[in-house]
Amino acid sequence: MTRALVFRAALCALLLALVLRPDWFVPVFAPFAPEGGPVIYARASLLSLSLSHLGLVVLATVAATLVAVTLAILVTRPAGAVFRPLSRTITNIGQTFPPVAVLALAVPALGFGAGPTLVALFLYGLLPIFENAVTGLAALPTATMEAARGIGLTRWQRLWRVELPLALPVILTGIRLSAVIALGTATIGSTVAARTLGEVIIAGLLTNNTAYVLQGGLVVGLFAVLLYDAMVQLETRLARRFGNLTGG
Amino acid sequence: MTLAANRIVAGDGVASWNLAGPGVTWPGLAALATALLLGLHPRRPWLRLAGAALGLAGLVWLLAGGASALLDGAGEYARVSPGAGFWCLLIVLALLMADALAVLSPRPLIKASLLIVAASLLAVLLGSGALVDLSIMQEFASRKDAFADATLRHLGLSFGSLIAAAALGLPLGMLCHRREALRRATLPVLSFLQTIPSLAMFGIMIPLLGWVGDNVPGAQAFGIAGIGFAPAFLALVLYSLLPVVANTVAGLQGTPPATREAARGMGMTARQLLLRVELPIGLPIILTGIRIVLVQNIGLAVIAGLIGGGGFGTFVFQGLNQTATDLILLGALPTVAMALTAAIVMDILVALTRPLPESAT
């Protein structure tokens, strides 16, 4: 447990150093840069790129979570049950669309820049969250629901105090999937002129500067791994808490 | 529909009823209206299916008739592309069709024949030259050889990496199934690999493979180099391992303990147990893993276009650089079509291997 903690702290420190003090890494990346070429990406600060990258991801994921969970709640109510097969079809088909294709298709419709990237991330992010939220809300134990009804909770109270908390770990898994996909897709977003860390990688690819590619790749990779890890930790913690509640 | 003076500038919208003479527009619009009416019919899924098909036909009719009528005397570089309304209608009709099909839930073989019918209709449509006037088809015509090349490359990347991943992942999954410790060590590593954004993964592969290409004798003869096919292929294989291994483990563990006991009681060896009992029972889940990999790799192979790996991604990124919308579409639409087809075919396979409910008990 402690070894894992130390490892995590080391990764965080490495990430921070890469983003805040890129100059420290000149000797590391120098062998990869072309002769006499720049070693460290200097056209924009890595910090501002990281911030706008994360900003895109957070905005898209939060919006997608709100919309998807609301839709899932509607669809799992008796009144919305009619739409459930249709919504399942949509999510199934939607998830076979490659994220890059969604991004590429958003450009003709919306133009270049951060806007289409955000829309593509949002639309694509809806699917895993919605799917997991529906699964989570629909798979609640009947006995628990009966008990909640039995102690006189209104529909609203049941939703807020019983259904949503119980479904939370599953919903969180959906949010994690969606956030990780969004992080990766946002990297590609720089090809449609959104300001993200992908810019560094693409610049490296275009100028044959492997140092840039490595730099960008490492930063994005570390962000993704740490985000994933943090979400998994949160999920296990929540699952344990609610597991204890329902089990004991 | 939009009509533009050349392929870069934004076009002017032309409403569907102004497209061409009444002889062309009326049948198309009528088909669309009937389709939407039929499509709203709540009870009869067959009717909805027929409505959607009729609507699609009407849409294509309008597209083909309208494009040639608009181009008449519009100048040599003029381009016609379908407008936003076309895409919206296309999506609505496709959803109607998918929904009707989901309600009908046809048997796997019928589904397969429907897929073949749809694919051949599409092929006839594209081959007949009815849509030749559309901008996207003009982009295609000027890149015919490159397109065929890209298609082969794309298929090679996604299927090749799938085969490599299956060759590695299936035995690994079986080992993990046997050995708890190995499973605990492997699965988290693989899921971390899966987390790394694709562009970063492709980027990290470049120096790695470049080093291998420079330092291992004979590696370059195999085409292993920093950019191109090899890093894309390797990255795709790494991404594919998690679904394959995880689903193999899940599939093999899915055998009910009673069944396993019975097999052991019959005197089966561990090997026989694996081959004759656990694998057949787990097959649908293993195939589901392969479906995930296939769909995912077809999508990810687009990004290979950025590192010179070829495939449809080449068109997408060329199009993005030149702001030529139709070139983007030329890369994106076949990718989507390929992914959808792969998903449907794999779904059919999964359904075929799933034992019937009666025999499962």
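Modeller: A helix here is a DSSP run of type H or I with at least four residues, and helices are numbered from the N terminus. In that sense L121(A) has its place in helix α6 of chain A, and this helix is the part I shall examine. The model is a predicted one.

The setting comes first. Chain A has 10 helices and zero strands, and its elements, read from the N terminus, run α-α-α-α-α-α-α-α-α-α. The chain has 248 residues, of which 50% count as buried. Among the contacts in chain A with a separation of 6 or more, 77% are between residues 24 or more positions apart. The accessible surface of chain A is about 12,000 Å², and carbon and sulfur atoms account for 71% of that area.

Within this chain, helix α6 covers residues 114-138. Two packed helices are described by the angle between their axes and the distance between the axes. Two partners of α6(A) can be treated in this way.

One partner is helix α4 of chain A, residues 84-96, whose axis is 9 Å from that of α6(A), at an angle of about 135°. Because of that angle, α4(A) is oblique to α6(A). The crossing of α4(A) past α6(A) is left-handed. On the side of α4(A), the contact is formed by R84(A), S87(A), T91(A), N92(A), G94(A) and Q95(A). On the side of α6(A), the residues involved are Y124(A), L127(A), P128(A), F130(A), E131(A), V134(A) and A138(A). By class, the residues of this contact are six nonpolar, five polar and two charged.

The other partner is helix α8 of chain A, residues 155-189. The axes of α6(A) and α8(A) come within 8 Å and cross at roughly 155°. That angle is why α6(A) counts as roughly antiparallel to α8(A). Here the crossing is right-handed. The contact of α6(A) with α8(A) has 15 nonpolar, nine polar and one charged residues.

L121(A) counts as buried because its relative accessible area is 4%, and the cut-off for buried is under 20%. With residues up to four places away in sequence set aside, L121(A) touches L56(A), A60(A), A182(A), T185(A) and A186(A). The pair L121(A) and L56(A) is 65 residues apart in sequence, yet the C-alpha atoms of the two are 8.3 Å apart in space.

To relate this helix to the rest of the model, one may turn to chain B. That chain has 14 helices and three strands. It contains 361 residues, and 44% of them count as buried. Of its contacts with a separation of 6 or more, 73% are between residues 24 or more positions apart. The accessible surface of chain B is about 17,600 Å², with 70% belonging to carbon and sulfur atoms.

Buried residues can be found in the helices of this chain as well. V293(B) lies in helix α11 of chain B, residues 270-300, and it counts as buried because its relative accessibility is 0%. Apart from neighbours within four places in sequence, V293(B) is in contact with L162(B), S240(B), P243(B) and V244(B). Although V293(B) and S240(B) are 53 residues apart in sequence, their C-alpha atoms are 5.4 Å apart.

Helix α7 of chain B, residues 180-195, includes S191(B), and T186(B) also has its place in α7 of chain B. T186(B) counts as buried because its relative accessibility is 13%. Its contacts, leaving out residues up to four places away in sequence, are L172(B) and C176(B). T186(B) and L172(B) are 14 residues apart along the chain, with a C-alpha separation of 9.1 Å. S191(B) likewise counts as buried, because its relative accessibility is 13%. Under the same exclusion of residues up to four places away, S191(B) touches Y228(A) and L242(B). Through S191(B) and Y228(A), then, a residue of chain B is in contact with a residue of chain A.

Conventions. Residues numbered from 1 in each chain as written. Chains lettered and ligands numbered in written order. Predicted model: local features only at pLDDT ≥ 70, side-chain atom pairs only at ≥ 80, totals over all residues. Heavy atoms only, no water. Axes fitted to C-alpha atoms, helices over the stretch in contact; angles between N-to-C directions. Helix = DSSP H or I, 4+ residues; strand = E, 2+ residues; numbered from the N terminus. Parallel < 35°, antiparallel > 145°, perpendicular 65-115°, else oblique. Left-handed = near helix turned anticlockwise from the far one by under 90°. Contact = heavy atoms within 4.5 Å. Nonpolar A, V, L, I, M, F, W, Y, C, P; charged D, E, K, R; others polar. Buried < 20%, exposed > 50% of the residue type's maximum accessible area, 1.4 Å probe, protein only. Areas by Shrake-Rupley, 256 points an atom, 1.4 Å probe, with all protein chains shown as cover.
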